[in-house]
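Okay, thanks for coming, everyone. Let me put the structure up and talk you through how the chains meet, and then what sits inside.

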Amino acid sequence: MPAPDVVVVGAGLAGLTAAVALADGGARVDVLAAGHAASHWMPGGIDVAAPAGAATAREGVRALAALSGHPYTLLGADVAVALGFVRTVLEESGLPYSGQLDDPLRQVPTAIGGTRRVSILPAGQAAALAPWSPNESLMVAGPAEFKDFWPGAIAASLARSSPWGSAEGRPARVEALALDWPTIRGRHNVNALVLARLFDDPSWRAEALAALARAVERRRGQAGRVALPAILGLSDHAGVMADAARIVPAAVFEVPLVPPSLPGMRLYAAMRAALLRRGGRIVVGESIVRVERDGARVSAVVATTASRERRLRTGALVLATGGVAGGGLVVGLDGRVVEPILDLPVEVPAGESLLAADPFDPAGHPVERAGVRVDAELRPLGSDGRPVLDNVAIAGSQLAGQRYLAERCGDGVAIASGWRAAQRLGAARASTSDASVRTGAA
Amino acid sequence: MTIQDLVHEAMVTMPAQAHEDVGLSADQCLKCNVCLTVCPVARVTDLFPGPKYVGPQAQRFRLATQLAVQGSVWPAVGSPDSTVDWCSGCGWCTTACPADVKIAEMNSRARAAIVADRGGKIRDWLLGQTDLIGRLGVPFSPLANWTLQNRPVRWLIERLVGIHRKAPLPIFADRTLQSKVRSAERRRRRAGTWAEPPPDRAVVLFHGCAANYYEPHVAEAAIDVLRRNGFEAIVPPQVCCGLPKISNGRYDGARDQAAANLPTLADYARRGYRIIGTSTSCTHTLKAEYREMLDVDDADSRAVAAATWDICEFLVALHDEGRLNTAFGRLEERLPYHAPCQLRSHGIGLPAMDLFALVPGLEAIDLDHDCCGIAGTYGLKREKYEIAMAVGEPLFRRLEATGAARAACDSETCRWQIEAATSTPTRHPIEIIAAAYAAGDATTSASPPR
């Protein structure tokens, strides 16, 4: 088969952004992923930057870009255009997002009754972003059968800590609504996926939303918003949101849950559909173990199959395999961090032991900052600080110098680096294709 | 790299004791439940609590039981998980797992442990007897086919045996592939033209039960395509790969079949022959399941695993080496294609789609659905038929929406399921490729002006 122009390893937000952008420019793209991971774990918003002290994502990017060694020193200028591209693609797949880089970061509730600071959310979560007016109440609603979302505990925790800032107002009341959905009454094994698939059925959801509407109406005269667990459909989320707007006399928003995360799965499905529409291909369950090189170029990736290795020629490579959580970096028992596919040098914060550190330090774990150092073109650098591979770009949380949890910058880095990788490798495509033909003949 | 190199490398690089790794991989489970998101059975019924619950989560009880046997303080708890029987064994969970947990394999072994502990259904024993059924059915094929398509008889079979009256059963051929091959071989021996061709001009064909007893034309299409690429097909005596027994929890019987197949096949593999199969589930069994499920992990099983190729995988590899005969004629058709679950477990992409792309005029459409529902013998069972049909429902609707005259799929049981559910004739990709060569012949012979 003709070799693809680019192989993208990893199907999280970074890999999929790179793949869709490459295919959009006419490149032949194959995405290979060991499994589903980052996309199915993420809460579905696009966290660009929310370090302490930043009022907007744009301010956050600026602050992080001023930190020595942060990926935003290279990518800060790409965030806006990458975000615009990704949102257009998602909207085209029927998954619109709300919020802008200059919108204030707001506290929105989490599924354990805390809050997180965000500004860019899928439409299904967006009603949480508007400032609270003085007579508005927050109703946290869910069925008792569902064990990943406890409305009473969430409402009590939010009422006690009242984490909202002065600019965003606060709900007049936070209360719990117990929902009684007949079809699941007494079932002990109801999970988010089961509920989301029930919501995909128009007649089932009409009843469920009517039950919610009755529960809301019993709080007579109160204006308010309803927080529901993120279960509002998988294949027909847009239809569920439209019905909710029609049936429920209050704005409804989803609160993301523990994995598997429906908002993340919808994002994955939307990006995958966009890739397939552009002629790209994706294979999940394909573990890349190493590459073949031709001088300073990668000429093929090598995958494990059921009984032997399989070699796939390629013109270029985007490595978007993630950090320690995604398996793109591996920490050995000796505390050494390695990048297993290209065996690139991994930069680890100096003077800090990864194993002795406090894993719950609010400033983040030092292993978050571990990663591969790159040049402005996202080419990986060797230990001498010079690029080691020309036709390779590193994207996503494998990039060194970010604290993606503490700085809440993981999604922004993912889309900006995915976008940048696609721009460079897409532009180099013509010469790359020639090279792959040469190596393919060997 | 030659097959002998591959076979040699397999001795060194395949993980030691794959079967032990299956059970212990539970320790890598992050409990993220990604497996549940891709499980076709859990998508349509909550009788099955999902791969995580019956797989890695229940595995700790199984491990505790093993430890108890070895004299630890833990009490034996037996098999905690009879719901594992609702698992169809499609393997999607293992494919999607980000932590490399062998979930489907774990579930298969758990089912086998339950069958070993408590015994299983007669019906499930019967479904594993593919060779016996084939040997009995083919000689009496007109009668056998009439009987098995007869509605009152099927109702009776459902009542007595538990095979659903509407489940898609195949049609017996009037002669087995083995018997056709043996008589051709006898003719050539008598004529003195029989000699085993060397490994660069021949491959070993593992035809599986489907091509032997029901669809010899699939194997014949493969033999034709191989010949057009310079390879004779050697068809040694062979038995069922054992997968129907594995899927029904009868590992001992499956080990007997592995023991019957491996010496012959391994001998060919060591002499540098590739083993090619038209049934993507048989080839996956030879590649992986002898070792991962049956604990048959020795020099023979490794040699066979390394030398085994799915037919489309092999042709794509030939093309990558610039050696595929691409004298295809035009096939003006839109061809919907379903990639079987077992093919995905190979980890080789969609080689049939790659081949279709080489045929002028042929517009193949990937139906992009997880599972047709049948999962080998799963959808034949009375209590599972409705589940299997619900699993395949979106696929059937998508296929019918194309309005195409025929479809393609690499696995026989999926083809039978799709044909029964949609009335769309469904072919093995190799039949399509053989037809493309035949169309090329017609073009070539027609081209000189008369």
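So, the contact, meaning heavy atoms within 4.5 Å, takes 30 residues from chain A and 38 residues from chain B. Before I go on: this is a predicted model, where local features need pLDDT of at least 70 and side-chain atom pairs count only at pLDDT 80 or more, while totals for chains, interfaces and linings use all residues. Residues are numbered from 1 along each chain as its sequence is written, chains are lettered from A in the order written, and side-chain values use heavy atoms, without hydrogens and water.

Chain B and chain A bury about 2,700 Å² between them, 51% of it on carbon and sulfur atoms; that's accessible area (1.4 Å probe) lost on being put together, summed over both parts.

Salt bridges, then: a side-chain nitrogen of Lys or Arg within 4 Å of a carboxyl oxygen of Asp or Glu. There are five between chain B and chain A. One pairs A:Arg272 with B:Asp368, with the closest N and O atoms 2.8 Å apart.

Now the inside. A nonpolar core here is a set of buried Ala, Val, Leu, Ile, Met, Phe, Trp, Tyr and Cys residues joined through side-chain atoms within 4.5 Å, buried being under 20% relative accessible area (1.4 Å probe, protein chains only). The largest one has 80 residues, and A:Val48 and A:Tyr72 are among those touching the most other members. A:Val48 is also in contact with A:Tyr72 itself, and with others including A:Leu101 and A:Ile120. Apart from that core lies another, of 73 residues, A:Trp204 among them.

Notes. Buried area is the accessible area (1.4 Å probe) that two parts lose on being put together, summed over both. Buried means under 20% relative accessible area, exposed over 50%, partly exposed in between (1.4 Å probe, protein chains only). Lists of a residue's contacts leave out its neighbours within four places in sequence.
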